[in-house]
Amino acid sequence: MPTVVLMDVSLSMTRPVQLDGTEEFQRKNLAVHGLTMLFEHMATNYRLEFTALVAFSSLWELMVPFTRDYNTLQEALNNLEDYDKTCLEPALQGVSNIVQQEWGSTCPCQVVLVTDGSLGIGRGSLRHSLSTIKHRSEDKKFPLPFPFPAKLYIMCIANAEELQNSDTLDNLEQLLSLNGGEGQIFTVEGPLCLKNVQSLFGKLIDQAYTPFHAVLRCGNLSSDVQVFPRPEPVIMDEEVDPAPRTILTDLEIVGFIEIGDISSPPVLSRHLVLPIAVNKGFLGPTFMGTGTTDETEEENSANQMAGKSPNFCVLLHGSLKVEGMVALVQLGPEWYGMLYSQADSKKKSNLMMSLFEPGPEPLPWLGKVSQLGPTSDAKENPYGEDDSKSPFPLQPKSKRSYAQNVTVWIKPSGLQTDVQKILRNARKLPEKTQTFYKELNRLRKAALAFGFWDLLKGVADLLERECTLLPDTAHPDAAFQLSHAAQQLKLASTGDSQYAAFDHNITPMLTDFSGSGSSDRDRM
């Protein structure tokens with residue numbers, strides 16, 4: 001999950017802050033101190049995440065494009081210059097453009113806005129922007145909500161008392177609501193000082209940048225892993241009393257399945273999984289087959305040392321990649337996901353984890369995950385001797401409604417066509433006996449489903465008329481079948497449950513006629 005740091009460099013950020021017994025600081029100095037703390041944390045725990053730095057006042061500028069080099073970010077942060085007034089709207093639009101150009105509109109992103117709470121004055125201020133939202137044309141819409149999934153964290157280098165003297169908090173809260181409520185406003189508790197600013201950014205780290213450590217198990221094998229980004233709690237709206245579900249720190253692999261059988265399942269989110277190796281005080285991911293990144297010589301040496309220890313996670317990644325399979329992993333009670341190898345390029349591949357929707361049957365074509373088992377337990381190999389077939393997708397016990405030929409009459413011409421089809425077959429009795437009754441029953445079921453009783457009576461009258469128009473050369477069986485069908489339709493048109501059962505089919509009348517027009521096979 002990439003991060004964009006949006007740094008306020010307006011003149012109001014240069015306001016002095018008197019610290020006890022020390023030299024005079026500016027609010028910008030405190031903001032830089034807090035961001036330095038954040039960058040150091042990310043350099044240690046989130047080295048695979050990309051971060052960009054944007055500075056803004058009346059205009060905005062991309063100081064550092066998305067990078068994993070936190071030294072470059074820190075250097076740019078220390079060299080920020082001071083500019084003029086605060087104009088937040090164009091800066092938010094700039095963030096939107098930067099993220100979409102780099103990541104598209106589907107990748108979730110975190111935006112960290114660092115400001116002193118001064119919203120600007122007059123035209124271009126946040127107050128002015130929010131007051132004009134409802135009176136804008138389509139081409140001048142406010143940039144929030146972002147066109148991509150995003151969380152907005154607003155870091156105010158000011159305490160709550162200072163902000164409450166104006167409408168600043170109300171405007172910032174409105175900013176969050178425009179973003180769908182995703183994010184949080186952080187303010188300094190107590191007087192402005194280095195310690196309290198550290199506490200401010202510490203809350204942000206706890207909220208959004210705390211690593212997720214877990215143990216991945218498969219039988220007697222296990223490995224400590226780290227998941228990026230941290231999995232968010234999931235709330236299922238259809239539950240009567242929905243409660244957030246969080247994944248367990250013990251991830252149990254329950255089986256393996258071929259990629260072709262898993263297909264492209266719907267997922268809640270995707271995460272990068274890295275093994276953690278501990279060697280002589282080094283705590284970090286080993287990149288043996290699970291991805292690469294830009295590293296210093298010291299980091300590379302430490303990784304090589306850690307990579308000498310056997311690691312199940314590395315073995316798992318290599319096996320899934322070679323065999324073309326995925327591992328089904330249990331995330332919690334009746335909640336599953338899958339582990340698989342994904343290649344970023346010809347030289348890079350990562351071990352990824354996708355989370356399915358909670359429930360016992362997240363993928364209908366696999367059935368219940370708890371009922372899956374190893375192929376060795378089956379009487380015969382469900383994949384065939386040469387892996388030429390697959391037991392999936394499972395066929396449902398009952399046909400789905402969309403898998404049947406449903407009769408729908410939207411226009412009169414459709415109904416007329418179905419009635420004419422019945423009459424054409426009626427004139428070719430007894431040769432078309434089976435087709436006649438098939439079409440008759442299809443129309444009967446549709447009429448009963450729609451409560452179209454008059455249609456049944458009308459078709460019965462038509463059949464009786466056809467019976468009277470039969471030529472002298474007609475087969476005797478034709479008259480009996482037409483009279484029988486007409487009588488059954490009239491009974492069904494009464495709505496009596498005895499004759500209007502939806503699942504009932506009208507069967508051909510048993511007759512004892514023989515002749516060239518029909519065979520013994522056609523008579524029942």
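The following legends describe close-up views of a predicted model.

**View 1. The open sheet of six strands.** The strands follow the order β5-β4-β1-β6-β7-β8, and their pairing is mixed. At the edges stand β5 (60-67) and β8 (183-188), each of which pairs on one side only. On average, neighbouring strands of this sheet are turned by 15 degrees against each other, direction ignored.

**View 2. The pairing of β4 with β5.** Strand β4 (residues 51-56) runs antiparallel to β5 and is joined to it by five bridges. Within this pairing, F56 stands opposite W60 in β5.

**View 3. Helices α3 and α7 against the strands.** Helix α3 (residues 88-103) lies across β1 (3-8), β4, β5 and β6 (109-115), at about 30 degrees to β5. Helix α7 (residues 194-208) packs on the sheet and touches β6, β7 (150-159) and β8. The direction of α7 makes about 165 degrees with that of β7.

**View 4. The packing of α1 with α2.** Helix α1 (residues 27-45) packs with helix α2 (residues 70-78) at an angle of about 175 degrees, and their axes are 10 Å apart. The two helices, α1 and α2, are therefore roughly antiparallel. From α1, residues V32, L35, T36, F39, M42 and A43 meet Y70, L73, Q74, L77 and N78 of α2. The residues of this contact comprise eight nonpolar, three polar and no charged.

**View 5. The largest cavity.** One cavity of 30 Å³ or more is found in the whole structure. The largest cavity holds about 60 Å³ of space. Its lining consists of F56, T86, L88, L113, T115, S118, L119, L126 and L172, of which six are nonpolar, three polar and none charged.

Notes. Residues are numbered from 1 along each chain as its sequence is written. This is a predicted model: local features need pLDDT of at least 70, side-chain atom pairs count only at pLDDT 80 or more; totals for chains, interfaces and linings use all residues. Side-chain values use heavy atoms; hydrogens and water are left out. On a 1 Å grid over the protein atoms alone, a cavity is a set of points where a 1.4 Å probe fits but cannot get out, and a pocket is an open set with protein on both sides within 12 Å along at least five of seven lines; lining residues have an atom within 4 Å of a point. Grid points are joined across faces, edges and corners, and a volume is the space filled by probe spheres set on the points. Ala, Val, Leu, Ile, Met, Phe, Trp, Tyr, Cys and Pro count as nonpolar, Asp, Glu, Lys and Arg as charged, and the others, Gly among them, as polar. Axes are lines fitted to C-alpha atoms, for helices over the stretch in contact, and angles run from 0 to 180 degrees between N-to-C directions. Helices (H or I, at least four residues) and strands (E, at least two) are DSSP runs, numbered from the N terminus. Angles under 35 degrees count as roughly parallel, over 145 as roughly antiparallel, 65 to 115 as roughly perpendicular and the rest as oblique. Contact means heavy atoms within 4.5 Å. Two strands pair if DSSP finds at least two bridges between them.
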